[in-house]
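Visitor: Please put the structure on the screen, and let us go through its charged contacts and its surface one question at a time.

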Amino acid sequence: MKNTKTNQLTLVAFFGALAFILMFFSFSVPILSPFAELDLSAVPELIGGFMMGPAAGVEIITVKILLKLVFKGSSSMFTGEIQNFLLETAFVLPAAIYYKKNKTKKGAITGLAIGAVATIIVSIFTNVYLIFPAYMTLYGMNWNTILAVFSEINPWIKNIPTMIAFSIVPFNIVSRTITSLLTILIYKKISVLLKK
(Lines give C-alpha, C1' and ligand atoms only; values in the text may rest on other atoms or scores of the structure.)
Protein backbone atom coordinates (compact mmCIF):
# COMPACT_ATOMS: atom_id res chain seq x y z
CA MET A 1 0.00 0.00 0.00
CA LYS A 2 2.82 2.38 0.94
CA ASN A 3 4.61 1.70 -2.36
CA THR A 4 1.37 2.29 -4.27
CA LYS A 5 0.86 5.66 -2.57
CA THR A 6 4.48 6.64 -3.17
CA ASN A 7 4.22 5.65 -6.84
CA GLN A 8 1.03 7.66 -7.25
CA LEU A 9 2.54 10.74 -5.59
CA THR A 10 5.56 10.41 -7.88
CA LEU A 11 3.34 10.16 -10.95
CA VAL A 12 1.21 13.12 -9.85
CA ALA A 13 4.38 15.20 -9.44
CA PHE A 14 5.71 13.96 -12.80
CA PHE A 15 2.51 14.73 -14.71
CA GLY A 16 2.12 18.06 -12.90
CA ALA A 17 5.65 19.08 -13.89
CA LEU A 18 5.05 17.95 -17.48
CA ALA A 19 1.81 19.96 -17.63
CA PHE A 20 3.70 22.99 -16.28
CA ILE A 21 6.39 22.63 -18.96
CA LEU A 22 3.75 22.36 -21.69
CA MET A 23 2.29 25.68 -20.54
CA PHE A 24 5.45 27.34 -21.87
CA PHE A 25 4.54 26.21 -25.39
CA SER A 26 1.21 28.01 -25.42
CA PHE A 27 0.09 30.01 -28.41
CA SER A 28 -2.66 32.51 -29.02
CA VAL A 29 -5.50 32.07 -31.49
CA PRO A 30 -6.17 35.78 -32.14
CA ILE A 31 -9.27 35.26 -34.25
CA LEU A 32 -10.91 33.40 -31.35
CA SER A 33 -9.70 35.17 -28.24
CA PRO A 34 -7.45 38.13 -27.40
CA PHE A 35 -7.04 36.89 -23.83
CA ALA A 36 -6.89 33.08 -23.76
CA GLU A 37 -3.97 31.00 -25.03
CA LEU A 38 -4.06 27.40 -26.17
CA ASP A 39 -1.63 24.89 -24.67
CA LEU A 40 -1.41 21.14 -24.30
CA SER A 41 -1.10 20.96 -20.51
CA ALA A 42 -4.47 19.17 -20.31
CA VAL A 43 -2.97 16.10 -22.00
CA PRO A 44 -0.85 14.93 -19.00
CA GLU A 45 -3.70 15.96 -16.69
CA LEU A 46 -6.09 13.69 -18.58
CA ILE A 47 -3.62 10.83 -18.87
CA GLY A 48 -2.92 11.01 -15.14
CA GLY A 49 -6.64 11.17 -14.38
CA PHE A 50 -7.31 8.14 -16.59
CA MET A 51 -4.46 6.17 -15.03
CA MET A 52 -4.95 7.02 -11.35
CA GLY A 53 -8.49 8.33 -11.05
CA PRO A 54 -10.29 11.67 -10.97
CA ALA A 55 -8.75 12.89 -7.68
CA ALA A 56 -5.25 12.43 -9.11
CA GLY A 57 -6.26 14.42 -12.17
CA VAL A 58 -7.25 17.38 -9.99
CA GLU A 59 -4.02 17.01 -7.97
CA ILE A 60 -2.01 17.20 -11.22
CA ILE A 61 -3.81 20.42 -12.19
CA THR A 62 -3.04 21.83 -8.72
CA VAL A 63 0.66 20.93 -8.98
CA LYS A 64 0.86 22.57 -12.42
CA ILE A 65 -0.68 25.83 -11.21
CA LEU A 66 1.44 25.94 -8.05
CA LEU A 67 4.60 25.44 -10.13
CA LYS A 68 3.46 28.18 -12.49
CA LEU A 69 2.93 30.60 -9.61
CA VAL A 70 6.29 29.74 -8.02
CA PHE A 71 8.38 29.98 -11.20
CA LYS A 72 6.46 32.49 -13.34
CA GLY A 73 4.13 34.30 -10.98
CA SER A 74 0.82 35.71 -12.18
CA SER A 75 0.38 38.32 -14.89
CA SER A 76 -3.38 38.59 -14.29
CA MET A 77 -3.54 39.02 -10.50
CA PHE A 78 -4.48 35.32 -10.20
CA THR A 79 -7.62 35.54 -12.35
CA GLY A 80 -5.93 33.49 -15.10
CA GLU A 81 -4.78 30.82 -12.67
CA ILE A 82 -8.22 30.56 -11.06
CA GLN A 83 -9.83 30.24 -14.49
CA ASN A 84 -7.29 27.64 -15.55
CA PHE A 85 -8.00 25.55 -12.46
CA LEU A 86 -11.78 25.78 -12.90
CA LEU A 87 -11.76 24.93 -16.61
CA GLU A 88 -9.19 22.15 -16.41
CA THR A 89 -11.08 20.59 -13.49
CA ALA A 90 -14.33 20.86 -15.44
CA PHE A 91 -12.62 18.99 -18.29
CA VAL A 92 -10.56 16.38 -16.47
CA LEU A 93 -12.91 15.46 -13.61
CA PRO A 94 -15.96 14.31 -15.64
CA ALA A 95 -13.73 12.59 -18.22
CA ALA A 96 -11.81 10.66 -15.54
CA ILE A 97 -14.97 9.79 -13.57
CA TYR A 98 -16.66 8.39 -16.68
CA TYR A 99 -13.54 6.52 -17.80
CA LYS A 100 -13.12 4.98 -14.33
CA LYS A 101 -16.48 3.25 -14.81
CA ASN A 102 -16.02 2.51 -18.53
CA LYS A 103 -12.40 1.56 -19.17
CA THR A 104 -12.60 1.17 -22.93
CA LYS A 105 -11.59 3.37 -25.85
CA LYS A 106 -15.25 4.25 -26.32
CA GLY A 107 -15.45 5.09 -22.61
CA ALA A 108 -12.45 7.41 -22.93
CA ILE A 109 -13.92 9.17 -25.97
CA THR A 110 -17.31 9.56 -24.28
CA GLY A 111 -15.67 10.83 -21.08
CA LEU A 112 -13.66 13.38 -23.06
CA ALA A 113 -16.79 14.55 -24.87
CA ILE A 114 -18.63 14.96 -21.54
CA GLY A 115 -15.65 16.87 -20.15
CA ALA A 116 -15.51 19.13 -23.20
CA VAL A 117 -19.21 20.01 -22.92
CA ALA A 118 -18.82 20.64 -19.18
CA THR A 119 -15.85 22.92 -19.89
CA ILE A 120 -17.79 24.98 -22.42
CA ILE A 121 -20.67 25.46 -19.98
CA VAL A 122 -18.36 26.34 -17.08
CA SER A 123 -16.30 28.69 -19.27
CA ILE A 124 -19.40 30.69 -20.24
CA PHE A 125 -20.48 31.21 -16.64
CA THR A 126 -17.01 31.83 -15.19
CA ASN A 127 -16.04 34.31 -17.91
CA VAL A 128 -19.27 36.28 -17.73
CA TYR A 129 -19.93 36.20 -13.99
CA LEU A 130 -16.55 35.63 -12.31
CA ILE A 131 -13.30 36.08 -14.20
CA PHE A 132 -13.99 39.12 -16.39
CA PRO A 133 -15.85 40.95 -13.59
CA ALA A 134 -12.90 40.28 -11.23
CA TYR A 135 -10.41 41.33 -13.93
CA MET A 136 -12.36 44.53 -14.58
CA THR A 137 -12.50 45.37 -10.88
CA LEU A 138 -8.76 44.76 -10.42
CA TYR A 139 -7.71 46.76 -13.49
CA GLY A 140 -10.37 49.48 -13.43
CA MET A 141 -12.06 48.37 -16.65
CA ASN A 142 -15.66 47.79 -17.73
CA TRP A 143 -17.52 45.58 -20.19
CA ASN A 144 -17.29 48.20 -22.94
CA THR A 145 -13.48 48.07 -22.74
CA ILE A 146 -13.39 44.26 -22.76
CA LEU A 147 -15.83 44.01 -25.67
CA ALA A 148 -13.86 46.61 -27.63
CA VAL A 149 -10.76 44.39 -27.36
CA PHE A 150 -12.76 41.40 -28.65
CA SER A 151 -14.29 43.51 -31.41
CA GLU A 152 -10.82 44.43 -32.70
CA ILE A 153 -10.09 40.80 -33.50
CA ASN A 154 -13.62 39.91 -34.58
CA PRO A 155 -16.04 42.67 -35.65
CA TRP A 156 -18.96 40.26 -35.16
CA ILE A 157 -18.39 40.50 -31.41
CA LYS A 158 -20.44 43.45 -30.18
CA ASN A 159 -21.89 42.30 -26.85
CA ILE A 160 -21.73 39.48 -24.30
CA PRO A 161 -23.90 36.99 -26.27
CA THR A 162 -21.77 37.43 -29.41
CA MET A 163 -18.60 37.13 -27.31
CA ILE A 164 -19.91 33.78 -26.07
CA ALA A 165 -20.95 32.63 -29.54
CA PHE A 166 -17.88 33.74 -31.50
CA SER A 167 -15.09 33.51 -28.92
CA ILE A 168 -15.66 31.52 -25.73
CA VAL A 169 -17.48 28.54 -27.27
CA PRO A 170 -15.36 28.08 -30.43
CA PHE A 171 -12.09 28.59 -28.54
CA ASN A 172 -13.00 25.84 -26.08
CA ILE A 173 -14.21 23.53 -28.85
CA VAL A 174 -10.88 23.88 -30.68
CA SER A 175 -8.80 23.57 -27.50
CA ARG A 176 -10.64 20.52 -26.10
CA THR A 177 -10.78 18.76 -29.47
CA ILE A 178 -7.00 19.01 -29.91
CA THR A 179 -6.20 17.83 -26.38
CA SER A 180 -8.78 15.03 -26.59
CA LEU A 181 -7.36 13.69 -29.86
CA LEU A 182 -3.81 13.74 -28.52
CA THR A 183 -4.91 12.01 -25.31
CA ILE A 184 -6.68 9.24 -27.25
CA LEU A 185 -3.63 8.76 -29.48
CA ILE A 186 -0.99 8.44 -26.75
CA TYR A 187 -2.79 7.40 -23.54
CA LYS A 188 -2.42 3.63 -23.87
CA LYS A 189 1.22 3.81 -24.96
CA ILE A 190 2.22 6.05 -22.05
CA SER A 191 0.18 4.16 -19.44
CA VAL A 192 1.69 0.82 -20.48
CA LEU A 193 5.19 2.32 -20.47
CA LEU A 194 4.78 3.85 -17.01
CA LYS A 195 3.19 0.72 -15.53
CA LYS A 196 6.25 -1.26 -16.65
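Visitor: Which side chain does E45 meet in a salt bridge?
Guide: This is a predicted model, and in it the side chain of E45 takes part in a salt bridge with an N to O distance of 2.8 Å. The pair links distant parts of the chain, with E45 in helix α2 (residues 42-52) and its partner in helix α3 (residues 54-71), 19 residues apart. The side chain that E45 meets is that of K64.

Visitor: Is E45 buried or exposed?
Guide: The relative accessible area of E45 is 0%. Buried means under 20% relative accessible area, so E45 counts as buried.

Visitor: And which class does K64 fall into?
Guide: K64 has a relative accessibility of 0%. With the cut-off for the buried class at under 20%, K64 therefore counts as buried.

Visitor: What is the N to O distance in the salt bridge of E81 and K68?
Guide: The side chains of E81 and K68 meet in a salt bridge, and this pair links distant parts of the chain, with E81 in helix α4 (residues 79-101) and K68 in helix α3, 13 residues apart. Both E81 and K68 are buried. The N to O distance is 2.5 Å.

Visitor: How many residues apart in sequence are the parts that R176 and E88 tie together?
Guide: The side chains of R176 and E88 form a salt bridge at 2.8 Å, N to O. R176 lies in helix α7 (residues 160-195) and E88 in helix α4, so the pair ties together parts of the chain whose separation in sequence is 88 residues.

Visitor: How many salt bridges does the structure hold?
Guide: Among them are the pair of E45 and K64, the pair of E81 and K68, and the pair of R176 and E88, both of which are buried. The total for the structure is three.

Visitor: Which helix gives the largest share of the nonpolar patch?
Guide: The patch on the surface is formed by M77, F78, I82, L130, L138 and Y139, which together have about 560 Å² of accessible area. One of these residues, Y139, is partly exposed, because its relative accessible area of 36% falls between the 20% and 50% cut-offs. The largest share, three residues, comes from helix α5 (residues 105-139).

Visitor: Where in the chain is confidence highest?
Guide: The mean pLDDT of the chain is 93, and 97% of its residues reach 70 or more. Confidence is lowest in strand β1 (residues 27-28), at a mean of 84, whereas the highest mean, 97, belongs to α3.

Technical notes
Residues numbered from 1 in each chain as written. Predicted model: local features only at pLDDT ≥ 70, side-chain atom pairs only at ≥ 80, totals over all residues. Heavy atoms only, no water. Patch = residues over 30% accessible without salt bridge, like charges linked within 9 Å, V, L, I, M, F, W, Y side chains within 5 Å. Areas by Shrake-Rupley, 256 points an atom, 1.4 Å probe, with all protein chains shown as cover. Salt bridge = Lys/Arg side-chain N within 4 Å of Asp/Glu carboxyl O. Helix = DSSP H or I, 4+ residues; strand = E, 2+ residues; numbered from the N terminus. Buried < 20%, exposed > 50% of the residue type's maximum accessible area, 1.4 Å probe, protein only. pLDDT = per-residue confidence, 0-100.
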